[in-house]
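These questions and answers concern a predicted model. Read each question and look at the structure before going on to the answer.

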Amino acid sequence: MQPTDVSNPDYYHKVVDCQWGCPAHTPVPEYIRLIGQGRFTESYMLNRESNVFPGVLGRTCDRPCEPVCRRVRVEGEPVAICRLKRVTSDLKGDVTDLLPKIPEEKNGKRVALIGAGPASLTVANDLMPLGYECVLFERMDRPGGLMRTNIPSFRLPGGVLDEEINMILDMGVEVHYSHPIDSLGKLLDEDGFDAVFIGTGAPKGKELRIPGRDEGGANIHIGIDWLESVHFEHTDSIGERVLIIGVGNTAMDCCRTSKRIGGKDVRVVARKSRPYFKASAWELDDAEEELVQIVENHSPSRFIIEDGRLVGMEFDVVEWAPDESGRLVSTKLDSTVIPCDDVILAIGQDNAFPWIERDIGIEFNEWEMPIVDRTTFQTTRDGVFIGGDAAWGPENIIWAVEHGHQAAISIHAFCEQESLTDRLPYGMNLVSQKMGLHSWSYGSAYDESRRSQMSHVDLVERFKALEVEVELGFDAEQTAVEVARCLNCDIQTDFTANLCIECDACIDVCPVYCLTMTENRPEDELRLNLTAPAENIDQDLYVSADLPQTARVMVKDEDLCVHCGLCAERCPTAAWDMQKFDLLIPYAGKPTWTKTPETELTTSS
Amino acid sequence: MTQTAKPSVRHPGLKTNKLGLTQRDYEGTQSTLCAGCGHDSITAAIVQAFFELNIAPHRVAKLSGIGCSSKTPTYFLSEAHGFNSLHGRMPSIATGANAANGKLAYIGVSGDGDSLSIGLGQFCHAMRRNVNMLYMLENNGVYGLTKGQFSASADVGTKAKRGEENQMPPIDPASMALTLGASFVARSFSGDRKQLVPLIKAGLTHRGFALVDIISPCVTFNDHEGSTKSYAHTREHGHEVVETDFVPLLHEIQVEQDHGASTAVTMHDGSVVRFRSVDEHYDPTDRDAAYAHLKKLQAQGEVATGLLFIEPMSRDLHELENTVDEPLVEVPFEKLCPGSGVLAELQSHWR
């Protein structure tokens with residue numbers, strides 16, 4: 001194998017699995033260490049820089065960081081990264097003075113943002129400090145988009161949402177509520193914006209066209225519309241027997257909301273079996289804790305209407321098996337009727353752009369979706385950008401935030417008449433963490449604790465009002481445990497080949513057999529000839545330059561390294577060193593060679 | 001010296017041996033030797049060898065004298081019996097222990113000071129008596145615990161850390177062992193795990209005294225330029241005369257394959273040690289030829305390594321003394337100590 005090029009930020013970035021897995025590349029281990037030091041405000045601000053809504057995401061994120069957490073590979077359960085993020089929000093102090101400063105003198109550029117969801121708000125957050133005038137158009141009378149109307153307040157209290165949205169709006173964003181845009185062409189022609197960003201989400205819930213749909217219409221609801229109507233208090237009750245069709249995270253919100261406004265016997269009905277459910281495992285757990293029944297392998301066939309009123313639903317009971325091509329196909333075993341008073345359809349969302357004219361230079365594909373560049377987020381019309389769920393269909397909030405960051409970079413480049421495709425490069429800093437003969441500036445010891453469980457408000461109490469937040473947040477002890485469980489994957493094992501005397505000390509002391517000195521060979525052979533075979537091909541091998549005495553190479557399998565630092569501690573020549581990797585993420589107007597006030601605040605210690 | 005203990009976290013795919021133990025179960029406490037010490041590497045090789053030989057740790061006795069090397073039994077096989085003896089007196093303790101219980105596996109760890117200066121006499125007699133044990137001589141050419149003075153194994157002309165040259169000729173444990181009739185003589189290097197592990201395994205399986213002299217650089221006092229026992233010098237001047245492959249009895253059938261021009265020596269228990277001569281016509285069962293070759297390489301400034309000599313069917317202390325097979329602790333008390341009546345009768349026999 002070629003010696004590994006660790007000067008490319010990607011190599012060490014990939015070692016920090018959580019950060020690599022996070023669309024916004026939040027520096028997770030660093031913010032966890034700050035929590036450990038009691039520096040909640042700094043930790044919050046470090047989060048805010050990349051993910052903008054730490055309080056919201058600390059409760060609602062889909063957590064792409066957790067399944068990839070190294071701890072899963074080492075002992076089975078990830079660090080509770082998401083809930084630690086909430087800790088920073090719960091315990092932070094006043095951040096007003098730490099927020100980006102907005103120049104009084106504007107740069108003369110006006111940007112329209114359509115839809116006040118996480119994507120548009122992130123664009124405003126990134127552009128306002130650069131002197132842009134941002135004009136936000138929202139069809140409803142309050143900001144937040146789906147964060148507001150689709151996530152029930154027992155999961156995300158309105159106050160948390162308001163606080164974080166206001167941090168952005170208070171930068172001086174010009175907001176027009178109850179102002180749906182019904183013609184993009186008109187906006188582009190008449191209002192003289194320098195750029196337009198569309199972050200209108202995927203607002204159309206999918207229909208289920210089976211017999212009885214129209215006749216039973218009064219008691220058949222579209223999930224996201226129904227949640228919105230509950231939020232606006234247009235709906236305040238539901239029948240006792242409720243069926244939720246679909247088993248994604250919207251279905252989870254629908255069933256739990258039903259339980260709070262009159263539903264007694266609430267069932268979620270899925271076409272497939274549990275391993276294929278789209279809902280996050282923890283959301284399923286939370287629903288089942290509230291005695292929602294999950295019904296598997298039931299495919300809806302018709303609504304049963306008696307006397308013009310919905311009384312039940314008929315399902316095919318099916319089983320699934322792969323066909324020759326490996327695709328799962330269902331076989332009907334039986335049919336069954338489940339009586340019900342109301343049905344909520346939560347089977348997906350579509351985009352809808354009736355307000356974008358098809359003759360203004362924005363091309364659409366065969367699925368009636370605008371063509372959007374994956375890198376620049378620009379449509380086929382210069383100066384019109386799309387991000388969030390509006391771009392390629394439903395994703396999660398953290399993706400919308402990242403889209404917003406990238407679109408802001410593009411909008412800034414567009415307004416500065418620079419290339420949109422030459423993206424700002426990532427940078428990195430590596431700093432040795434050695435403090436003395438046996439001390440490192442981070443907690444290098446491996447902590448054996450198991451993952452902390454989130455405490456919930458008891459079942460009776462939580463159903464008293466819709467706004468009672470179910471999760472109590474971590475207490476000090478749980479927080480301390482979770483902080484200690486983090487393996488500090490950003491403290492990198494950095495190797496200098498020409499210092500090595502090949503004494504084996506590092507290899508012998510490694511508790512998880514990461515290291516090998518061997519003759520260099522092709523990667524597939526190397527993987528089988530290590531101290532422990534490197535079977536996880538998703539994880540890289542580090543290969544050093546030739547060692548001075550024998551011309552062998554030092555190989556490190558990144559898979560299971562617990563970053564305990566013993567290799568560096570046992571190394572007599574400091575060929576191994578533990579160095580903190582700081583990924584420098586470019587943002588609009590902030591290339592990585594300029595440090596932002598936030599990062600200086602948190603990394604200069 | 002490391003203060004942080006090796007964490008308990010284990011590789012989830014850790015293999016177990018026939019006893020259901022993992023290699024981690026053969027470790028000891030965290031080493032307190034200097035970081036980079038050759039001895040730690042030897043410790044790791046010992047851990048690997050015992051693990052691979054499926055020896056239960058509690059069926060092992062580990063013995064040592066005084067010195068850096070003699071600290072190391074703490075760092076492997078925590079569950080084994082151990083005795084840290086007086087300086088240079090480990091061979092007597094090992095002889096006594098072995099006489100009382102021949103059923104344990106004995107490993108003695110000593111250094112060049114412990115074996116070649118203060119304990120030279122004891123070392124020679126253990127070989128002469130062919131005590132059934134593996135004797136690891138961790139040889140770094142200096143007294144590390146007292147700040148790096150030359151030891152009895154320092155080569156003529158080797159330089160101390162401050163520059164003075166050694167003038168006195170070294171005692172070479174391997175050639176001495178050959179002349180004293182040792183039945184298993186090997187030499188290796190702490191930095192060559194591939195060579196060392198099969199030698200430890202063969203030495204543990206050998207019935208009789210098995211000497212493994214291991215060049216083990218002292219990273220603090222003897223790893224500089226001009227030293228003949230540094231990592232770099234040993235790598236440059238180490239000369240493998242035979243490649244050794246230890247094949248335990250149980251695996252014999254599976255690994256039957258073409259080994260080129262290899263010769264095989266069958267051990268007491270049926271295990272096989274295979275040799276492939278690196279130097280042409282080297283015969284590790286010919287004591288005189290081995291000695292001559294060793295001396296020839298020494299004259300050229302080379303250090304012969306590998307299993308230099310083996311006499312697989314040698315008679316160990318128990319056979320020579322015709323003692324009981326079972327450990328004395330298992331011999332019934334009446335038989336072990338039959339009383340004054342029996343003694344009187346025996347004495348009357350000689351009157």
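Q: How many salt bridges does the rule find across the interface of chain B and chain A?
A: A salt bridge here needs a side-chain nitrogen of Lys or Arg within 4 Å of a carboxyl oxygen of Asp or Glu. Applied across the interface of chain B and chain A, the rule gives a count of four.

Q: Which side chain meets that of B:K194 in a salt bridge?
A: The N to O distance of this pair is 3.7 Å, and the cut-off is 4 Å. The partner of B:K194 in this salt bridge is A:E519.

Q: What is the area buried between chain B and chain A?
A: The size of an interface is often given as the accessible area lost when the parts come together. In this model, 35 residues of chain B are in contact with 30 residues of chain A. Carbon and sulfur atoms give 54% of the buried area, which is about 2,500 Å².

Q: Which three residues supply more than any other three of the area that chain B buries against chain A?
A: Together they supply 23% of that area. They are B:V9, B:H11 and B:R235.

Key. Residues are numbered from 1 along each chain as its sequence is written. Chains are lettered from A and ligands numbered from 1 in the order in which they are written. This is a predicted model: local features need pLDDT of at least 70, side-chain atom pairs count only at pLDDT 80 or more; totals for chains, interfaces and linings use all residues. Side-chain values use heavy atoms; hydrogens and water are left out. Contact means heavy atoms within 4.5 Å. Buried area is the accessible area (1.4 Å probe) that two parts lose on being put together, summed over both.
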